[in-house]
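Open the model in your viewer and keep the selection tool at hand. Here is a short tour, stop by stop.

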Amino acid sequence: MSKPNLLHVVKSVLAAAIGVQSDKNREVDFKHGSLPAYIIVGLIGTVLFILAIVTIVSLVTG
């Protein structure tokens, strides 16, 4: 198998974040994936999540 593309990395990080990552996908990630790619996508996802929460709270509280 070749190196996972960006879409695979994003889907894998999202699946792992909500706890539904399959063993097959996890093994592909560990065998063929690049650790920096998963870390960067994870950090970007975390920042976007925090910004979404802050925005929602700001809209609700006025």
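How many residues apart in helix H2 are Lys 31 and Glu 27? Select both: they are four residues apart, so about one helical turn separates them. Helices here are DSSP runs of H or I, at least four residues, numbered from the N terminus.

Some ground rules. This is a predicted model: local features need pLDDT of at least 70, side-chain atom pairs count only at pLDDT 80 or more, and totals for chains, interfaces and linings use all residues. Residues are numbered from 1 along each chain as its sequence is written, and side-chain values use heavy atoms, with hydrogens and water left out.

**Salt bridges**

Stay on Lys 31 and Glu 27. Their closest N and O atoms are 3.8 Å apart, forming a salt bridge (a side-chain nitrogen of Lys or Arg within 4 Å of a carboxyl oxygen of Asp or Glu). Lys 31 is exposed at 62% relative accessibility; Glu 27 is partly exposed at 39%. Exposed means over 50% relative accessible area, buried under 20%, partly exposed in between (1.4 Å probe, protein chains only).

The structure holds two salt bridges. Select Arg 26 and Asp 23 for another, at 3.4 Å, N to O. These residues sit three apart in H2. Arg 26 is partly exposed, at 35%, while Asp 23 is exposed, at 53%.

**Nonpolar patch**

Now pick Ile 40, Ile 44, Val 47, Leu 48 and Leu 51. Together they make a nonpolar surface patch of about 480 Å². Patch members have over 30% relative accessible area and no salt bridge; nonpolar side chains are joined within 5 Å, like charges within 9 Å. Finish on Leu 48, in helix H3 (residues 35-61). Leu 48 is exposed, at 54%.

Note on methods. Accessible areas come from the Shrake-Rupley method with a 1.4 Å probe; for residues, only the protein chains shown count as cover. Helices (H or I, at least four residues) and strands (E, at least two) are DSSP runs, numbered from the N terminus.
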